[in-house]
Amino acid sequence: NVSHELRTPVSSIKLLSETLEEGALEDPGVSKKFLGQMIQEVDKLEGIVEGMTTLAKIESGEVRLKKKPVDIVRLVEQVTKRLQGMAAEKEQALTVVIPAEEVLVMADALQLEQVIFNITHNAIKFTPPGGTVTIRVTFDEQQVVVSTSDTGFGIDPADLARIFERFFKSDKSHSSQGSGLGLAISRHIIEAHSGRIWAEPAPGGKGSRISFSLPV
Ligand SMILES: Nc1ncnc2c1ncn2[C@@H]1O[C@H](COP(=O)(O)OP(=O)(O)O)[C@@H](O)[C@H]1O
Ligand SMILES: [Mg+2]
């Protein structure tokens, strides 16, 4: 529910600023901490507003996909490069398993990169330090499958389908800064490419695997 999602950070910011005004400002340690928290809440709001705008544009058909042949293997490599630093900061191994040849799909490259980024970013976010995140690309004559598996917290079996709903965040991840919109947006994008996106427990028994398939 949108208003609830917006109200929570807004009331935090209100409370924090009121407390500062009522005297907490005089204490440098406290005011610094409160300001840090306010910035976090503003970031959260920004993420929700951005995500809502993107979803609204997609749903109204305002976003027209610019479909061209794109090499999905290269997109995966680009995303991996962009997220390598974040994984390193968490002391995680971010690895790719990709075919040697290119795999062409008819797609909007920017939108598709967004999806790959979303699921890989989540995998890093929901995996504790020292874990492993692996992106795999496999294909046959009909379809290509991109999957991101991790050794993280995992997803409750009852939530496996629900994580693609807007604003859904599992209890385990409530502390996370995200807007809960990334996977809802990803699902829209994949379905607009006649593909499918799904979640399952990681094959290794620990963590999760999010995959999407596209026709080739
Ligand atoms: N790799 C993962 N491991 C565990 N939980 C996940 C993973 N990916 C997604 N989730 C769950 O799905 C929810 C929705 O994901 P998303 O739409 O990207 O929102 P956000 O990242 O903003 O929390 C997350 O809050 C989390 O509970
Ligand atoms: Mg996310």
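**Close-up 1. Surroundings of the Thr-80 side chain.** The side chain of Thr-80 comes to 2.6 Å from the backbone oxygen of Val-76. The model shown here and in the other views is predicted. Thr-80 sits in helix α3, which covers residues 72–89. With a relative accessibility of 7%, Thr-80 counts as buried, because the cut-off for that class is under 20%. Once neighbours within four places in sequence are set aside, Thr-80 is in contact with Leu-94, Val-96 and Ile-135.

**Close-up 2. Helix α2 from end to end.** Helix α2 comprises residues 28–59. At the N-terminal end, α2 is capped by Asp-27, which has a side-chain oxygen 3.0 Å from the backbone nitrogen of Gly-29. After α2 comes Gly-61, with a positive phi near 80°.

Close-up 3. The buried residues of α2 include Phe-34, Met-38, Leu-45, Ile-48, Leu-55 and Ile-58. The packing partners of the buried residues of α2 are α1 (2–21) and α5 (182–192).

**Close-up 4. The salt bridge between Lys-44 and Glu-41.** Lys-44 and Glu-41 are joined by a salt bridge, with 3.9 Å between the closest N and O atoms. Both residues belong to helix α2 and are three residues apart, about one turn of the helix. Glu-41 has a relative accessibility of 14% and therefore counts as buried.

**Close-up 5. The salt bridge between Arg-162 and Glu-165.** The closest N and O atoms of Arg-162 and Glu-165 are 3.5 Å apart, in a salt bridge. Arg-162, at 38% relative accessibility, counts as partly exposed. Glu-165 is also partly exposed, its relative accessibility being 36%.

**Close-up 6. The salt bridge between Glu-200 and Arg-209.** A salt bridge links the side chains of Glu-200 and Arg-209, with an N to O distance of 3.1 Å. Glu-200 has a relative accessible area of 22% and is partly exposed. Arg-209 counts as partly exposed too, at 25% relative accessibility. Six salt bridges are found in the whole structure; among them are Lys-44 with Glu-41, Arg-162 with Glu-165 and the pair in this view, Glu-200 with Arg-209.

Definitions and conventions:
Residues numbered from 1 in each chain as written. Chains lettered and ligands numbered in written order. Predicted model: local features only at pLDDT ≥ 70, side-chain atom pairs only at ≥ 80, totals over all residues. Heavy atoms only, no water. Helix = DSSP H or I, 4+ residues; strand = E, 2+ residues; numbered from the N terminus. Buried < 20%, exposed > 50% of the residue type's maximum accessible area, 1.4 Å probe, protein only. Polar contact = N/O pair within 3.5 Å; in protein donor to acceptor, adjacent residues only side chain to side chain. Contact = heavy atoms within 4.5 Å. Salt bridge = Lys/Arg side-chain N within 4 Å of Asp/Glu carboxyl O.
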